[in-house]
Amino acid sequence: MHEKITFGSKFGTIAVVGGSVIGLGNIWRFPYLAGSNGGFAFIIVYILCSLLIAVPIMMSEFVIGRQTRSNPFGAFAKLSQNRIWSLVGLLGIVTVFCIFAFYSVVAGWAISFFKTAIFTGFSGQEPEQINNTFAQYINTGWQPSVVAIIFVIMTGGIVVGGIKKGIERVNKILMPALAAIIVGLFFYSFSLAGFSEGMAFLLKPDFSKINFSVVLTAIGQAFFSMSLGMGAMITYGSYICAETSIPRLAITIALADLTIAMLAGFAIFPGVFTYHIEPTSGPTLIFETLPLVFSQMPAGNVVGIIFFFLVFITAITSSVSMLEPIVQFAMQEFKTSRIKAVAGISGLVCIAAILCAYSQVDNSLLRISGQNIFDFLDGVTSKFFMPISALLIIIFVSWVAKKDMVRKQITNNGSYFNKYYPFFRIIIQYFIPIVLLLFILNLILNVF
Ligand code: PHE
């Protein structure tokens with residue numbers, strides 16, 4: 001029997017799970033996706049996808065975790081005689097490892113930019129200069145590698161403290177700091193000339209942009225942003241207290257995720273429009289477009305420091321939730337100590353991160369099927385591993401696991417959510433599997 005470790009408090013639970021879901025996805029992808037896919041119309045689609053697809057999947061992962069108090073691999077082994085299902089857990093662990101590898105490279109960039117913001121600042125730099133600096137920096141290979149390693153070590157430093165004394169304690173400080181920073185940045189952007197234009201970019205509804213592919217984009221974004229379809233939520237589910245209501249927790253987390261993603265957009269795009277810069281997404285937004293904004297904005301250096309600190313916080317609280325499932329797996333399945341598991345796995349992640357960083361150097365030979373390793377891992381995890389494992393998890397919970405067990409977990413033995421339970425059942429049994437099948441089919445058709 002594994003020792004039953006649980007989160008220490010309600011706030012701690014929300015800070016830890018919220019720390020996982022609120023990440024780079026909220027800052028560099030959601031606002032741009034909303035802006036370029038119909039504004040408020042996209043946001044409505046996204047909210048529907050969150051509520052009808054992402055939240056039920058998150059609840060299902062929590063059920064698997066809390067019922068077994070195990071790592072993703074061990075959890076399936078406990079719930080089913082058929083060993084094949086453990087492979088789903090293993091796929092989750094592999095996924096989270098791959099994501100951690102490239103995520104730590106990006107987090108490392110944020111550390112470097114934080115350092116630049118403090119020591120040199122961005123003001124007075126020309127656009128070409130800013131773009132060149134970023135390209136040259138990536139092209140060294142070793143510079144991004146070193147900071148990625150530093151970032152992995154910092155993540156390991158938190159995870160080695162365990163759930164309560166490490167992860168929960170740190171997240172209880174970092175998450176309120178994150179909320180305060182993002183609200184502060186929002187108020188600052190309120191004072192900028194481009195405020196209303198930025199808000200219009202994000203919020204002006206254009207329903208004509210909504211089509212099948214936009215819906216699929218919203219689903220994909222909801223998956224990544226809610227950390228679904230991998231080990232993370234099964235592992236965190238295994239630490240949820242018996243008294244916590246799973247539906248309530250999942251809905252709270254979804255709301256927090258959406259709120260921060262919207263606030264990120266409100267904080268970022270007014271600045272972009274104030275200086276008539278083209279809105280972008282992904283690394284370009286954070287490491288090229290925004291430095292350009294900071295170079296022109298009053299007090300841009302201070303805003304830059306605060307912003308890159310924000311990016312760092314969102315990244316480290318997410319990366320903790322990538323390392324913990326693998327550590328829990330190693331501890332429970334190979335009976336190693338936490339410290340040895342953290343050291344060994346962090347070492348492996350560092351190697352993978354270095355490969356990612358060097359694969360981005362010009363003419364690098366580190367390529368898989370025509371892409372550099374960084375892009376390959378990003379693509380293969382979000383396009384294939386996450387949706388496939390989410391589909392298998394939902395099929396497991398709705399069709400394979402004992403119905404009574406699932407109901408007891410979701411309703412806390414009949415104390416909450418009873419009225420909505422039949423609806424939840426229909427959604428996980430029929431609606432989500434069909435939607436996910438379509439999603440995966442579409443991806444496969446697009447590849448071949
Ligand atoms: N949800 C995080 C984000 O939005 C990413 C993440 C993926 C975190 C997988 C944990 C596990 O950036």
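## Around the ligand

Which of the 14 residues around the ligand come nearest? They are L24, G25, Y103, F224 and S225, where being near takes a heavy atom within 4 Å. Keep in mind that this is a predicted model, with local features needing pLDDT of at least 70 and side-chain atom pairs pLDDT 80 or more, while totals for chains, interfaces and linings use all residues. Numbering runs from 1 along each chain as its sequence is written, and side-chain values use heavy atoms, leaving out hydrogens and water.

Sorted by class, the shell has six nonpolar, eight polar and no charged residues; Gly goes with the polar ones, and Tyr and Cys with the nonpolar ones. Helices α1 (10–21), α2 (24–36), α10 (212–225) and α14 (300–334) each put in at least two shell residues, a helix being a DSSP run of H or I with at least four residues.

A polar contact here is a pair of N or O atoms within 3.5 Å. A ligand nitrogen sits 3.1 Å from a polar backbone atom of S225, and a ligand nitrogen is also 3.1 Å from a side-chain N or O atom of S227. On the oxygen side, a polar side-chain atom of N26 lies 3.4 Å from a ligand oxygen. Taken alone, the ligand exposes 320 Å², and the protein buries 100% of that (Shrake-Rupley, 1.4 Å probe).

## Cysteines

Searching the whole structure turns up zero disulfides, meaning cysteine sulfur pairs within 2.5 Å. For C98, the nearest cysteine sulfur belongs to C356, 8.6 Å away. C98 counts as buried because its relative accessible area is 12%, under the 20% cut-off. C241 is buried too, at 16%.

Terms used. Polar contact = N/O pair within 3.5 Å; in protein donor to acceptor, adjacent residues only side chain to side chain. Buried < 20%, exposed > 50% of the residue type's maximum accessible area, 1.4 Å probe, protein only.
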